[in-house]
Amino acid sequence: MENLTTSSVKQNLITDIERRVEDKILEPSNAQLLKKLILNADDDNEAMMIAALGTTYKRTGFHFDKRLEKTNSDIKYFKKNEKLSFITDESKPTHKLIIGDNYEAMQNLLIQYKGQIDVIYIDPPYGKDSLGEFAQTNYNNALTRDNLLSMLYPRLFLAKQLLSENGIILCSIDDRNQAYVKCLFDEVFMEKNHIACFPKKGTGGRQDSKHFAIVHEYILCYARNIDTYKSGRITTITKYKYFDEKKKLHYNLQLLRKWGANSLRINRPNLYYPIYYQVSDNTLSLDRKNNDDIEIYPMLDSKTEGCWRWGKATMKEAFENDLVEVNIKKREYIPYEKIMETPDEPTNKLFTSWIDDIDNTTGASLLKKILPSGLFDYPKAIDLIMRLILMATDKKDVIALDFFAGSGTTGHAVLDLNKNDGGSRQFILCQLNEKTDTTPNGIAYDVTSKRLKRIMTGECYDGSKDFKWIEDNEPYGDNLDVYEIEMVKNNNSSEGKTPFDVIDETLYGQERFNSLREKIDWVCQNFAHTQMFVENDDDWKKRVEELNNATRS
């Protein structure tokens, strides 16, 4: 009877080992060795201990085939792209877009920004074909976790060095990879620095699931140092979007013109009358006071007369109490009621960990108004990134980094936050210039840079203004420096081409050096680590195969 029981347990363990091979969690050669050891185990306990080697955990992390960091003679450095960079107002913040591998980008950022980044948000690639030729599937339509984790591992270590002592990092991840990526974050940032894991409700649902339509994802949240991170930074008003500096209260906006039923002049003729916007001091009145006052009627469109929601007495009172705000869009003046928070409402209400009021599809619909459709799949909603930045800190002068920038949503969110509350936040985006059928020049050139140029200046690089976003929005302004990553040999001695000639110290926040000796000392001190690189897919695959062959022999 004992033999039958033991045989059954061993067979179940072997079946589980084979399943791990099918899921590409275990290499076939390692599985063969485990099965052999299980069959020759003295008892069930020993067999189960052997099977556990197939999922060996280390502390709160786990083993996976990490990519190795190597060093060569190539120094990677920033070179400014003058054609893509622009200035709208030198007194406003200057943001950065770095085109190239994010590992090399962060190595260079460490020279200027080590310990200075306040918020990092990333949405790493975890879908099919997101990481190159070696991104084989280990479950329906996705890549090997070894590839995902080994790619993230060295980049998270650089990110940790960039974060300030009070900094915070947030990472979007799907439900299938959340547990594995969390373990990786636990290992790099330490489990004690885990703040929260935010479930986010999506829309539509992934219909390839056999049992349920998956409509959620997760956002991991870690502090650089939980002991110095101030929990008050994740408290703020969640109900109100805008802030009135004079009243020191938050508020929302509601259209002053009536909508829906009985919203035409013929329905409420007494509610159809002009109001006047004083350009000189941005105030409103029921009477014209100056020749340049703007007369505003409650029009549904250029030909359809509507009506206001209030009579003249209520309107006048609202003007006197500064409860009406005019939004100017393409010379169209649209009045809104300011819905203020009440004094008894809490002003430091904790954000909830469950995000269910942000629609994923708004990211795609917004991008279509800025760029031609079909250029970029699944852009994030700017409302989500704005929410996360506000959850991370209540400061208005932070530096936010996104080293998987994609279409540039994080940059857009920072610009919108600054517009809403008068902040001076700065964004730094890193994006590899991946080329696709729809982006022949690469995502960074065809999507990221063009999106930023359009929303910041109101026109594209060719001067065109034929995009819908500008019809309803004023350009954000600010300035953008665009950098590309170049390489130079550390032993290059050609005249004008040495590292000390081609590296521009002013791109790293450094005053220009007065002497060559100072420049040499600075380059030697700061750029040695930029010669380090992470092995590519082919090198990694070759090394793993060599290890497997050694195991077999």
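**Note on helix α7, the cores and a helix pair**

1. Helix α7 spans residues 312-320, and M315, A318 and F319 are buried there. These three cover an arc of only 100 degrees around the axis, which puts them on the same side of α7. A313 and E320 lie on the other side of α7 and are exposed. Keep in mind that this is a predicted model.

2. What covers the buried side of this helix? Strands β12, β13 (283-285) and β15 (324-329) are among the elements covering the buried residues of α7.

3. D322 follows α7. Its phi is positive, near 55 degrees.

4. Two other backbone positions deserve a look. Most residues other than glycine have a negative phi. N262 is not a glycine, yet its phi is positive, at about 55 degrees. N262 sits in the loop between β11 (249-255) and β12 (275-278). N262 is partly exposed, with a relative accessible area of 47%.

5. Y378 also has a positive phi, near 55 degrees, and is a residue other than glycine. The loop between α8 (361-370) and α9 (382-392) holds Y378. Is Y378 buried or exposed? Y378 counts as exposed, at 75% relative accessibility.

6. Next, the nonpolar cores. Nonpolar side chains tend to be buried together in soluble globular proteins. The largest nonpolar core here has 51 residues. Those with the most contacts inside this core are L170, F198, L388, F427, M456, W469 and L480. Helix α9 gives the most to this core, with 8 residues. A second, separate core has 50 residues, including L156, F185, F189 and F404.

7. Which residues does F198 touch, leaving out those up to four places away in sequence? The contacts of F198 are L170, E217, Y218, I219, C221, T352, S353, I355 and M391. L170 is itself listed among the residues with the most contacts inside the largest core.

8. Last, a helix pair. Helix α10 (residues 409-421) packs with helix α11 (residues 443-457) at an angle of about 15 degrees. Their axes are 10 Å apart. Why call the pair roughly parallel? Angles under 35 degrees count as roughly parallel, so α10 and α11 qualify. The crossing of α10 past α11 is right-handed.

9. The contact between these two helices can be named by residue. On the α10 side are T409, H412 and L415. They meet R451, I455 and M456 in α11.

Technical notes: Residues are numbered from 1 along each chain as its sequence is written. This is a predicted model: local features need pLDDT of at least 70, side-chain atom pairs count only at pLDDT 80 or more; totals for chains, interfaces and linings use all residues. Side-chain values use heavy atoms; hydrogens and water are left out. Helices (H or I, at least four residues) and strands (E, at least two) are DSSP runs, numbered from the N terminus. Buried means under 20% relative accessible area, exposed over 50%, partly exposed in between (1.4 Å probe, protein chains only). The arc is that of the directions from the helix axis to the C-beta atoms. Contact means heavy atoms within 4.5 Å. A nonpolar core is a set of buried Ala, Val, Leu, Ile, Met, Phe, Trp, Tyr and Cys residues joined through side-chain atoms within 4.5 Å. Axes are lines fitted to C-alpha atoms, for helices over the stretch in contact, and angles run from 0 to 180 degrees between N-to-C directions. Angles under 35 degrees count as roughly parallel, over 145 as roughly antiparallel, 65 to 115 as roughly perpendicular and the rest as oblique. A crossing is left-handed if the near helix is turned anticlockwise from the far one by less than a right angle, and right-handed if clockwise.
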